[in-house]
Amino acid sequence: MTEKLTGQVVRLRSVAASDRDRVVEMRRTPEVARWWRGVNLVADFDEALIDGLTQFVLESPDGSVVGLLQCSEEPDPEYRHASLDILIDPAHHRQGYATDAYAP
């Protein structure tokens, strides 16, 4: 089942194998690669799907994939925490996608 959340300017949906090329393309941009490092981005993408990492792609109003939101949780009581990581295609920076993705 595909999860979908709709905000004011962006729609989040569960990442799918068909998103691989677009996500890898965004991760290869210098602005994103600075923060989202990796040696084999295709393998990283495939591994995240297999591991069941909670990820959503961000879609613009026209349905284009403009980013990725990744969620994780550490349930160990001694280290319990959660994290949200986001990347936005540099061509879509400053359009409100990241802000909207965190509060759809």
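**Exercise 1. The chain as a whole**

What percentage of the 104 residues in the protein chain do buried residues make up? Then describe the overall build of the chain.

*Solution.* The model is a predicted one. Step 1: buried residues account for 35% of the 104 residues. Step 2: the chain holds 4 helices and 5 strands, and along the sequence they follow the pattern β-β-α-α-α-β-β-β-α. Step 3: the radius of gyration is 14 Å, close to the 13 Å that the globule rule gives for 104 residues, so the chain is as compact as a globular protein of that length. Step 4: the C-alpha trace spans about 40 × 30 × 30 Å along its principal axes. Step 5: take the contacts with a separation of 6 or more; residues 24 or more positions apart supply 50% of them.

**Exercise 2. Pairs of strands**

For the pairs S1 and S2, S3 and S4, and S4 and S5, state how many bridges join the strands.

*Solution.* Step 1: S1 is joined to strand S2 (residues 11–14) by 3 bridges; in this pair Lys4 stands opposite Arg13. Step 2: between S3 and S4 there are 6 bridges, and Glu59 faces Val65 in S4. The hairpin of S3 and S4 has 5 residues between the strands, and there Gly63 takes a positive phi near 90°. Step 3: S4 and S5 pair over 8 bridges, with Ser72 opposite Ser83 in S5. The hairpin from S4 to S5 passes through 6 residues.

**Exercise 3. Two residues**

Val65 and Thr29: is each buried or exposed? Locate both residues and name contacts of each.

*Solution.* Step 1: Val65 is found in strand S4. Residues count as buried under 20% relative accessible area. Val65 has 12%, so Val65 is buried. Step 2: leaving out residues up to four places away in sequence, Val65 touches Arg13, Asp19, Arg22, Met26, Val57, Leu58 and Glu59. Step 3: Ala82 is 17 residues from Val65 in sequence, and their C-alpha atoms are 25 Å apart in space. Step 4: Thr29 is in the loop between H1 and helix H2 (30–33). With a relative accessible area of 18%, Thr29 is buried as well. Step 5: a polar atom of the Thr29 side chain lies 2.8 Å from the backbone oxygen of Met26.

Methods. Residues numbered from 1 in each chain as written. Predicted model: local features only at pLDDT ≥ 70, side-chain atom pairs only at ≥ 80, totals over all residues. Heavy atoms only, no water. Pairing = 2+ DSSP bridges. Helix = DSSP H or I, 4+ residues; strand = E, 2+ residues; numbered from the N terminus. Buried < 20%, exposed > 50% of the residue type's maximum accessible area, 1.4 Å probe, protein only. Contact = heavy atoms within 4.5 Å. Polar contact = N/O pair within 3.5 Å; in protein donor to acceptor, adjacent residues only side chain to side chain. Rg over C-alpha atoms; globule rule 2.2 N^0.38 Å.
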